[in-house]
2 protein chains.
Amino acid sequence: MSMYVVGHKIPDSDSICGAIALAYLKNQIGEAAIPARLGELSPETAFILDKFGLESPEFKTSYAGEEVYIVDHSELTQAPDDIAEATIVGIVDHHKLGDLTTSTPLECWIRPVGCSNTIIKMMYDFYQVEIPQNIAGIMLCAILSDTVIFKSPTCTTADIKCVEALAEIAGIEDFKALGMEMFKVKSAVEGTPVRDLVMRDFKDFNMNGELVGIGQLEVIDLSVFDDIKEELEADIAVMKVEGNRHTMILLLTDIMKEGSELLVISDNEELTAKAYGKVTENGRVWLDGVLSRKKQIVPQLQEVFA
Amino acid sequence: MSMYVVGHKIPDSDSICGAIALAYLKNQIGEAAIPARLGELSPETAFILDKFGLESPEFKTSYAGEEVYIVDHSELTQAPDDIAEATIVGIVDHHKLGDLTTSTPLECWIRPVGCSNTIIKMMYDFYQVEIPQNIAGIMLCAILSDTVIFKSPTCTTADIKCVEALAEIAGIEDFKALGMEMFKVKSAVEGTPVRDLVMRDFKDFNMNGELVGIGQLEVIDLSVFDDIKEELEADIAVMKVEGNRHTMILLLTDIMKEGSELLVISDNEELTAKAYGKVTENGRVWLDGVLSRKKQIVPQLQEVFA
């Protein structure tokens with residue numbers, strides 16, 4: 001039996017960098033741990049690991065009989081398919097409390113902050129373990145990604161202080177410039193198959209028994225989608241049917257204008273009117289100031305489904 | 001909207017002392033919080049509060065529209081009945097992860113240690129808040145109660161170190177003597193109505209859709225039950241029917257002999273044979289070395305029900 005540290009399906013930078021950072025910490029305190037991932041790296045995450053010279057975690061989908069430390073969620077739909085046959089020994093997360101349960105005591109480091117890596121930094125502090133330069137670098141990038149360089153309403157003072165401390169450890173002078181460089185990588189959508197774009201940062205949620213799929217693409221300028229928006233809409237319609245989903249939403253987030261256009265296809269035509277006070281027209285609706293799926297999209301939907 | 005800190009139904013010393021200790025901490029860091037309880041104090045808890053001159057938390061069963069910080073569990077069956085209408089802002093616990101969920105981010109301080117108050121001490125350390133003498137005293141007693149003065153297999157080095165630190169703050173020289181004094185109070189069962197005894201430390205568990213009620217009485221000498229064992233058995237049979245439960249178990253734990261006699265009534269006659277490798281005879285079975293419901297009773301049952 002080994003202990004694996006693994007984030008959610010369709011891993012984002014927080015899931016990947018968190019798995020690496022937490023596995024390193026666990027090994028330092030005498031608990032052998034292996035970082036793992038449930039899916040392919042996004043271009044953003046590949047850029048981060050390359051920048052700091054770290055290897056991608058092991059690709060592994062089955063965890064039966066193993067110990068698992070979950071990063072960045074507490075939801076069955078986002079966990080390994082055979083998680084019921086594994087032993088969950090811990091969870092580090094910054095989302096709402098999901099439906100994962102265990103049959104034995106575990107540790108949970110869950111905080112209402114902007115990024116799991118901010119909490120992992122607290123764990124390093126708690127265990128008084130020094131963070132290596134390159135790991136501090138990827139943790140910092142994960143936080144800048146999740147908080148949209150501090151612009152997201154999910155960003156807390158704990159995240160900002162954490163980035164400042166990590167920048168010092170990693171020897172990064174201008175972390176905002178690094179953040180913009182990262183978001184430029186994220187904004188490059190040309191030539192990428194439409195399905196890959198929809199799936200790049202995609203999560204399924206169980207909302208009162210209905211399956212709701214929500215993808216998000218954060219870019220520096222929404223005009224990159226002008227030529228492919230109709231293809232994206234056609235593809236989420238297909239995914240709605242394929243996955244037997246009640247609703248599919250794709251957030252096209254403009255991090256400079258600080259808002260999101262939602263592409264919506266749902267069994268409930270009044271969904272966005274009820275959740276966000278704004279009607280979907282021809283499958284599209286612009287929500288000013290909306291940057292965060294976790295804080296500005298999911299809870300409001302959950303209320304409608306309750 | 002107020003923030004209440006509240007433990008589980010049929011509160012034990014960990015739930016009550018934890019609510020007081022955590023509410024005090026929250027107030028110190030600028031978050032107004034009120035300690036509350038879902039039921040009557042046990043004689044042990046009353047002894048502890050009296051010893052350190054602290055008031056009982058407010059008795060309050062309805063929390064609709066309020067913020068709630070949950071102490072010592074993460075289970076729907078142990079939470080306030082209207083918890084779905086409240087906002088859970090945090091959980092501090094040392095049990096398996098239960099079925100509570102939230103629609104917004106929260107903080108969870110969950111650790112595989114012997115007592116919630118050990119974790120609350122970590123929270124004081126994290127926030128660098130000084131623990132008053134009397135609160136240190138009740139926290140120490142809660143840990144001695146949950147760990148059966150360090151004898152329980154749930155006891156960890158973190159619990160022991162925590163008690164030592166709290167003893168210094170509270171100015172208690174012989175904490176083991178205090179622990180024995182407390183367990184003597186707990187051992188006094190004469191004159192108490194049978195139902196009150198069964199309910200003194202009672203928890204309902206949802207095991208794969210079946211309701212399983214498990215009570216525990218920890219005493220210094222099991223002979224105190226000689227005259228009332230048949231009455232206890234009759235009463236758990238009544239409670240099984242009343243509550244539409246699959247199984248009722250009452251643990252009579254001898255903390256000096258370090259083992260428990262289980263009084264069992266279940267729809268599955270082979271339950272203890274399957275869970276603990278020992279057959280129930282005439283509704284009774286002795287399990288040597290078993291002191292902990294959480295670690296030595298519940299997970300094994302859960303396996304059988306899975």
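Q: Which strands and helices of chain A and chain B each supply at least two residues of the lining of the largest pocket?
A: In this predicted model, strand 5 (87–93), strand 7 (202–207) and helix 10 (293–305) of chain A do so, together with strand 5 (87–93), strand 7 (202–207) and helix 10 (293–305) of chain B. Helices (DSSP runs of H or I, at least four residues) and strands (E, at least two) are numbered from the N terminus. Helix 10 of chain B gives the most, with four residues.

Q: What volume does the largest pocket have, and which residues are closest to its centre?
A: The volume is about 1,500 Å³, and of the 50 lining residues the closest to the centre are Asp99(A), Thr101(A), Gly98(B), Asp99(B) and Thr101(B). A pocket is an open set of points on a 1 Å grid where a 1.4 Å probe fits, with protein on both sides within 12 Å along at least five of seven lines, and lining residues have an atom within 4 Å of a point. The volume is the space filled by probe spheres set on the points, which are joined across faces, edges and corners.

Q: How many residues of the lining of the largest pocket are nonpolar, polar and charged?
A: They divide into 21 nonpolar, 20 polar and nine charged, where Asp, Glu, Lys and Arg count as charged, Ala, Val, Leu, Ile, Met, Phe, Trp, Tyr, Cys and Pro as nonpolar, and the others, Gly among them, as polar.

Q: Which residues are closest to the centre of the second largest pocket?
A: The second largest pocket has a volume of about 820 Å³, and of its 29 lining residues Trp109(A), Met122(A), Phe126(A), Trp109(B) and Phe126(B) are the closest to its centre. Helix 3 of chain B gives the most to this lining, with six residues.

Q: Which residues have the most contacts inside the largest nonpolar core?
A: In this core of 53 residues they are Leu22(A), Tyr69(A), Val92(A), Tyr124(A) and Leu140(A). The set is called a core because its buried (under 20% relative accessible area, 1.4 Å probe, protein chains only) Ala, Val, Leu, Ile, Met, Phe, Trp, Tyr and Cys residues are joined through side-chain atoms within 4.5 Å.

Q: What area is buried between chain A and chain B?
A: About 2,100 Å² is buried, of which carbon and sulfur atoms give 67%; buried area is the accessible area (1.4 Å probe) that two parts lose on being put together, summed over both. In chain A, Leu97(A), Ser103(A) and Pro105(A) lose the most area to chain B, together 28% of what that side buries.

Q: What numbering and limits apply to this predicted model?
A: Residues are numbered from 1 along each chain as its sequence is written, while chains are lettered from A and ligands numbered from 1 in the order in which they are written. Local features need pLDDT of at least 70 and side-chain atom pairs count only at pLDDT 80 or more, while totals for chains, interfaces and linings use all residues, and side-chain values use heavy atoms, with hydrogens and water left out.

Note on methods. Buried means under 20% relative accessible area, exposed over 50%, partly exposed in between (1.4 Å probe, protein chains only).
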